[in-house]
Amino acid sequence: MRQKEISLNIQPEPDEFGDDHHGSSAADTPLRPDAFEMDDEVKIEKIEKHFREIMHILGLDLNDDSLNGTPRRVAKMFVKEVFSGLNPKNRPHARLFENKYNYDQMLVEKDITFYSHCEHHFVPIYGKAHVAYFSSGKVIGLSKINRIVQYFSKRPQVQERLTVQIGKELERILQTEDVGVVLDANHMCVASRGVGDTNSKTGTAYFSGKFKDENIKREFLNYINSK
Ligand SMILES: [Zn+2]
């Protein structure tokens with residue numbers, strides 16, 4: 001059984017750089033107003049040049065076959081992959097479906113794998129996102145939830161901000177105030193350097209509307225913790 005796709009007048013998407021065009025809030029990624037004046041190809045060229053310089057300063061021989069392509073590879077990876085979520089043009093488009101079944105219970109999608117980067121060290125943060133919402137009459141394709149998580153992950157991040165950005169985007173797209181997000185993550189900057197703790201995990205949560213209710217919250221968390 002397939003639901004009929006409908007297009008909706010959702011709130012306008014931010015046209016510039018922020019996630020919230022009513023001015024910057026604590027949940028916004030700090031970006032300059034001119035962040036996307038330069039196109040991707042120019043960014044890749046410049047980053048390549050500078051990364052080559054970093055490697056050179058470290059004493060690496062860039063004439064070596066294995067190292068020679070690294071600056072360009074890293075530059076492309078930054079712009080086109082791991083930090084592609086900085087650019088609003090890569091923001092997933094929301095397609096909503098009518099909630100024809102009048103499903104009025106919580107919908108949970110758990111164990112969404114995400115890969116991000118710590119903005120303090122530029123090393124990976126990775127883990128699982130668990131997302132839940134109550135429909136306000138519209139539902140979203142499940143893969144879209146994954147895309148939203150990936151989009152905000154592909155930025156230099158702090159886990160707290162990533163959690164809030166996912167929660168607020170879901171509220172906006174789903175036109176609901178009832179959203180729950182839990183992130184369970186490993187920080188390579190904690191595991192592979194500094195204190196060198198390979199076992200610790202960091203949990204963060206965003207609860208809005210009905211999810212502030214203890215019983216609803218517990219239902220969500222119980223489901224996350226079930227096998
Ligand atoms: Zn870090």
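**Figure 1. The whole chain, before zooming in.** Of the 227 residues in the protein chain, 25% are buried. What you're looking at is a predicted model. The protein chain contains seven helices and eight strands. Counting contacts in the protein chain with a separation of 6 or more, 67% are between residues 24 or more positions apart.

**Figure 2. The five-stranded sheet, with strand order β6-β3-β4-β7-β8.** The sheet is open and its pairing is mixed. β6 (156-157) and β8 (202-207) sit at the edges, and each has a single partner strand, so one side of each has no neighbour in the sheet. Helix α5 (residues 159-174) packs on this sheet, where it touches β3, β4, β6, β7 (179-187) and β8. The direction of α5 makes about 150 degrees with that of β7. As background, strands in a sheet pair through backbone hydrogen bonds, in either a parallel or an antiparallel sense.

**Figure 3. Zooming in on the β3-β4 hairpin.** Strand β3 (residues 106-118) runs antiparallel to strand β4 (residues 124-134), and the pairing covers ten bridges. Five residues lie between the two strands of the hairpin.

**Figure 4. The parallel pairing of β3 with β6.** Here β3 and β6 pair over two bridges, in the parallel sense. Look for cysteine 118, which stands opposite glutamine 157 in β6.

**Figure 5. Two non-glycine residues with positive phi, asparagine 102 and aspartate 111.** Asparagine 102 isn't a glycine, yet its phi is positive, about 50 degrees. You'll find asparagine 102 in the loop between β2 (96-98) and β3. Is asparagine 102 buried or exposed? Asparagine 102 counts as exposed because it has 7 C-beta neighbours inside 10 Å, and the cut-off for exposed is 12 or fewer. Aspartate 111 isn't a glycine either, and its phi is positive at about 60 degrees. Aspartate 111 lies within strand β3 itself. With 10 other C-beta atoms within 10 Å, aspartate 111 is exposed.

**Figure 6. Where helix α4 meets helix α5.** Packed helix pairs are described by the angle between their axes and the distance between the axes. The axes of α4 (residues 142-153) and α5 come within 10 Å and cross at roughly 140 degrees. α4 and α5 are therefore oblique to each other, since only angles over 145 count as roughly antiparallel. The crossing of α4 past α5 is right-handed. On the α4 side the contact is made by Ile148, Val149, Phe152 and Ser153. On the α5 side, Leu162, Gln165, Ile166, Glu169 and Leu170 take part.

**Figure 7. Helix α1 and the glycine after it.** How far apart are the end C-alpha atoms of helix α1 (residues 40-57)? They are 26 Å apart. With 18 residues at 1.5 Å a residue, α1 should span 26 Å, so the two values agree. Glycine 59 follows α1, and its phi is positive, near 100 degrees.

Notes: Residues numbered from 1 in each chain as written. Predicted model: local features only at pLDDT ≥ 70, side-chain atom pairs only at ≥ 80, totals over all residues. Pairing = 2+ DSSP bridges. Helix = DSSP H or I, 4+ residues; strand = E, 2+ residues; numbered from the N terminus. Contact = placed C-beta atoms within 7 Å. Axes fitted to C-alpha atoms, helices over the stretch in contact; angles between N-to-C directions. Expected span 1.5 Å × (residues − 1). Buried ≥ 20, exposed ≤ 12 C-beta atoms within 10 Å, placed from the backbone. Parallel < 35°, antiparallel > 145°, perpendicular 65-115°, else oblique. Left-handed = near helix turned anticlockwise from the far one by under 90°.
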